[in-house]
Amino acid sequence: MSHAARTIMLVDDHAVVREGYRAMLQKQPGLCVVAEASDGVEAYRLYKETGPDLVIMDLSMPGIGGIEAIRRLRQWDRRAKILVFTMHQNAAFAVQAIRAGASGYVTKTSPPETLVHAVMDALSGKIAISPDIDHELALSHLAGETKAADLLTAREFEVLRMLLAENTTEEIAAALHLSPKTVANLHSLIKDKLGVGTDIELVRLALRQGILTQIDLGER
C-alpha cells in the first residue's frame, strides 16, 4: 500500500508560474499540491487551513514579501518547511531567507530537476540550495564589504527591501503591522548599521551588493 502523498502549497503572485510548477510537481510520485496563494497574507491564512508538508515561496510579491511571510509562518509553526523559489540570484536574499527559517533556496533559472531535488531534500529535513546560489554564497564571503545580509535582521531586511521598492513609511507600517514611528526608527537603524547617511547612499550600497539591480530601477 502506498504512503500518503506529501502535500505542497505554492506561493507566487503569477498564476501562470504557479500553473507551470503545479503541473511539474503533480507528475512526481507522492507529491500533491493542495493550496495556492498569490501573496504572503493569503499564504499565512491558507497554511493555517491546509497545514501543508512544504511551502514553495516566491520572494517578490505585493504587500509583505516572501522573507516576512517566512518569518510569520515559522513564528506560527516552528516546524513549517518552506522552500524559496525566486528570480533573486543574490546571496543576500538567500542568507536572509534561511535566517528567517527557510529550508532551502532555488532560483527560477535552475533546471526543473533542481527544484524537484530541492523539494525532496526539504521534505526530508535537509537544507536545499541550488548550485548557482551556492556559488554566490561562496563568492560573497570573499568580498571585502560587510554585507547587509550579515548585519540586518529578517525584519530589517524586509523594511530595506520595501524602502528600495519606494514604499512609503505608511505603506510599510500597514503591511508589517507596525507603527509609522517604528518604521521610521528602523529606517534610521538600517542606515546606521550599514554605515550610510542618506537614502541615496543606501541605494548605492544596495546596487553594489546586488540587493537592488539596474533592472529594478528601470521598472520604476
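Colleague: Which residues of α10 are buried?

Modeller: Buried means under 20% relative accessible area, exposed over 50%, partly exposed in between (1.4 Å probe, protein chains only). In α10 the buried residues are Val183, Leu186, His187, Ile190, Lys191 and Leu194. Seen down the axis of α10, they fall within an arc of 135 degrees, so they line one face of the helix; the arc is that of the directions from the helix axis to the C-beta atoms. This is a predicted model: local features need pLDDT of at least 70, side-chain atom pairs count only at pLDDT 80 or more, and totals for chains, interfaces and linings use all residues. Residues are numbered from 1 along each chain as its sequence is written, and side-chain values use heavy atoms, with hydrogens and water left out.

Colleague: What do the buried residues of α10 pack against?

Modeller: Contact means heavy atoms within 4.5 Å. The buried residues of α10 pack against α7 (148-151), α8 (154-164), α9 (169-176) and α11 (199-208). Helices (H or I, at least four residues) and strands (E, at least two) are DSSP runs, numbered from the N terminus.

Colleague: Which exposed residues does the face turned away from the buried side of α10 carry?

Modeller: That face carries Lys181 and Asp192.

Colleague: How do I read the two faces of a strand?

Modeller: In a regular strand the side chains alternate between the two faces of the sheet. In β5 (residues 104-107), Gly104 and Val106 on one side and Tyr105 and Thr107 on the other are all buried.

Colleague: How many bridges join β4 to β5?

Modeller: Two strands pair if DSSP finds at least two bridges between them. Four join β4 (residues 82-86) to β5, and these strands run parallel.
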